[in-house]
Amino acid sequence: MKYFIRKFSLSRWNRYVISNQGVLDFKLNIFSRDLMAASNKLSLWLVEGASLEEVEQRASDFLLTMGLMGEAIDVTDIMFIPETSIADFPLEQSVGDAVTAVRGLEPFHYNIIDMDMRSLQRFLYVQFDLYRQFETAPRNDELYVKRAPERTIYELLEHAYQGGRIDFSKIKPKLQSSLNRKYPHLYPAPVCPIAGKTERLCEHFNLCDECSNHGSHSAS
């Protein structure tokens, strides 16, 4: 069984889709934050398994990856897209475009390429249909959506970190600082790229106080 995973904002969809409108009636802010498109591409992560349970278990690393993408850890929602649902989209494996703090996931990164307004509309229909099925299908009958609270992301992070699978250089400095303050016994402090010191970083420029005070902002 093959699924492609994308992060999306379940709470936004909940508020809107429940009104029973069609995808063409979506307001831009429903999905604009979810798209995160670059160079006419949409990013996906491939997860495979012999059963739904195995797929869901293996999806944990990708859930963690997406939970670590921002400047803070928060509730993280992912959508499972069956391979058959996007079989007619042009897909390419794209290790070079993979942005992940979890080591070893790069080979599972794919892009839908050459996106235009027509293919974007078709892709939104795919997501819309999957969400509808998630809302109406018996639970555990199929994989559609998974929501992980903040606590779950922290648990996944600790497990991966203890296994040496976290690359802190791929985590945004503000989140690095937050993790170090909250769990100093677990996570290292971020390093200033100018001074090379493990000190509290400037939240805006990712530099330590010393470099920030000397006008080194442009060096970041």
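Residues are numbered from 1 along each chain as its sequence is written, and side-chain values use heavy atoms, without hydrogens and water. In this predicted model local features need pLDDT of at least 70 and side-chain atom pairs count only at pLDDT 80 or more, while totals for chains, interfaces and linings use all residues.

Colleague: Which are the edge strands of the open sheet of six strands?

Modeller: Strands are DSSP runs (E, at least two residues; helices are H or I, at least four), numbered from the N terminus, and two strands pair if DSSP finds at least two bridges between them. The sheet has antiparallel pairing and the order 4-5-2-1-3-6. Pairing on one side only marks the edge strands, strand 4 (91–93) and strand 6 (145–148).

Colleague: What is the bridge partner of tyrosine 3 in strand 2?

Modeller: Strand 1 (residues 2–7) and strand 2 (residues 42–48) run antiparallel and are joined by four bridges. For tyrosine 3 the partner in strand 2 is valine 47.

Colleague: How far apart are the end C-alpha atoms of helix 5?

Modeller: Helix 5 covers residues 117–136. The expected span is 1.5 Å times one less than the number of residues, so the 20 residues of helix 5 should span 28 Å. The distance in the model agrees with this: 29 Å.

Colleague: How many residues has the largest nonpolar core?

Modeller: Such a core joins buried (under 20% relative accessible area, 1.4 Å probe, protein chains only) Ala, Val, Leu, Ile, Met, Phe, Trp, Tyr and Cys residues through side-chain atoms within 4.5 Å. Those with the most contacts inside the largest core include Ile5, Leu64 and Leu179. A second, separate core has 23 residues; the largest has 31.

Conventions:
Contact = heavy atoms within 4.5 Å. Axes fitted to C-alpha atoms, helices over the stretch in contact; angles between N-to-C directions. Buried < 20%, exposed > 50% of the residue type's maximum accessible area, 1.4 Å probe, protein only.
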